[in-house]
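Please look at the sequence and the structure before reading on.

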Amino acid sequence: HNRSPIEIRQEFGLKQNQRIIGEVGRLCEIKGQHILIRAAQKVIKNNPNTVFMIVGEDLEKKGEYKKELESLARDLGIRQQVIFTGYCPDIMDLMHAFDLFVLPSFNEGFGLVSLEAMAAKRAVVTTDSGGNTEVVIDGKTGTIVPTKDPDKLAEAIIYHLKNPEISKRMGEEGYARVRQCF
């Protein structure tokens with residue numbers, strides 16, 4: 001551990017009571033960050049003290065997709081609550097600072113980053129695409145939602161925020177699953 005969750009919050013100017021929803025991966029359409037930002041609007045309406053941390057860089061479109069994401073967040077009135085960190089080498093430090101990990105991808109081979117979240121004892125909200133369902137067990141280590149559905153994604157995130165003890169238990173189950181299976 002290089003930096004504690006408290007240090008991470010300080011670094012990004014967040015209050016200790018703000019909930020962090022984290023997403024990690026290269027910025028590109030197929031990873032579904034635009035779906036996450038649409039979902040974020042609903043989540044923030046329900047839970048105003050929530051921020052979304054989007055970790056990764058936009059290599060494919062050389063920053064164009066990131067600009068689209070920023071202006072989408074601005075149009076939805078939540079630009080202040082969406083943090084683009086760019087590339088971060090120390091993903092596990094961030095994972096421990098997240099309250100919940102979300103992977104809204106349309107097409108995921110094998111969700112290695114979900115395993116990292118589970119290793120940090122975080123519940124995972126992800127889509128029913130590709131390898132995600134092999135990693136995350138719906139209702140046990142996280143919540144599976146349909147792809148490209150911001151409403152269902154928002155519902156799942158809100159559920160986890162409302163039920164921190166259930167979410168924490170799913171994180172523990174995920175940790176046990178990583179130890180056992182991977």
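This is a predicted model: local features need pLDDT of at least 70, side-chain atom pairs count only at pLDDT 80 or more; totals for chains, interfaces and linings use all residues.

## Helix 2

Helix 2 covers residues 33-46, which is 14 residues. From its first C-alpha to its last, helix 2 reaches 20 Å, close to the 20 Å expected at 1.5 Å a residue.

Which residues of helix 2 are buried? They are Gln33, His34, Ile35, Leu36, Ile37, Ala39, Ala40, Val43 and Ile44. Their cover includes four strands of the chain, namely strand 1 (19-24), strand 2 (50-55), strand 3 (82-86) and strand 4 (100-103). Helix 3 (64-75) and helix 7 (150-162) are also part of what covers the buried residues of helix 2.

## Glutamine 33

Glutamine 33 belongs to helix 2. Is glutamine 33 buried or exposed? Its relative accessibility is 0%, so glutamine 33 counts as buried, the limit for a buried residue being under 20%.

A polar atom of the glutamine 33 side chain lies 3.0 Å from the backbone oxygen of arginine 26. Setting aside neighbours within four places in sequence, glutamine 33 is in contact with Glu23, Gly25, Arg26, Leu27 and Cys28, and also with Ile54, Tyr65, Leu69 and Pro104.

## The whole chain

The chain has eight helices and six strands. Along the sequence they follow the pattern α-β-α-β-α-β-α-β-α-β-α-β-α-α.

How does the radius of gyration fit that of a compact globule? For 182 residues such a globule would have a value near 16 Å, and the chain has 15 Å, which agrees. Taken along the principal axes, the C-alpha atoms fill a box of roughly 40 × 35 × 30 Å. Of the 182 residues in the chain, 55% are buried.

Contacts can also be sorted by separation in sequence. Among contacts between residues at least 6 apart in sequence, 68% join residues at least 24 apart. The chain has an accessible surface of about 8,600 Å², and carbon and sulfur atoms account for 50% of this surface.

## Two lysines with positive phi

Lysine 121 is a residue other than glycine with a positive phi, near 60 degrees. Lysine 121 sits in the loop between helix 5 (112-119) and strand 5 (124-127). Lysine 121 counts as partly exposed because its relative accessibility is 36%.

Lysine 148 also has a positive phi, near 55 degrees. The loop that holds lysine 148 runs between strand 6 (142-145) and helix 7. With a relative accessibility of 54%, lysine 148 counts as exposed, since exposed means over 50%.

## Nonpolar cores

In soluble globular proteins, nonpolar side chains tend to be buried together. In this chain, the largest nonpolar core has 32 residues. Those with the most contacts inside this core are Ile37, Phe52, Ile78, Val102, Leu153 and Ile157. At least two residues of this core come from each of helix 2, strand 2, helix 3, strand 3, strand 4 and helix 7. Which element gives the most to this core? Helix 2 does, with seven residues.

Leucine 153 is among the residues with the most contacts inside the largest core. Not counting residues up to four places away in sequence, leucine 153 touches Ile35, Leu36, Ala39, Val102, Pro104, Val125 and Val145. There is also a second, separate core of 26 residues, which includes Ile8, Met53, Val135 and Val136.

Terms used:
Residues are numbered from 1 along each chain as its sequence is written. Side-chain values use heavy atoms; hydrogens and water are left out. The expected span of a helix is 1.5 Å times one less than its number of residues. Buried means under 20% relative accessible area, exposed over 50%, partly exposed in between (1.4 Å probe, protein chains only). Contact means heavy atoms within 4.5 Å. A polar contact is a pair of N or O atoms within 3.5 Å; within protein, one must be able to donate a hydrogen and the other to accept it, and residues adjacent in sequence count only if both atoms are side-chain atoms. The radius of gyration is taken over C-alpha atoms; the globule rule is 2.2 Å times the number of residues to the power 0.38. Accessible areas come from the Shrake-Rupley method with a 1.4 Å probe; for residues, only the protein chains shown count as cover. A nonpolar core is a set of buried Ala, Val, Leu, Ile, Met, Phe, Trp, Tyr and Cys residues joined through side-chain atoms within 4.5 Å.
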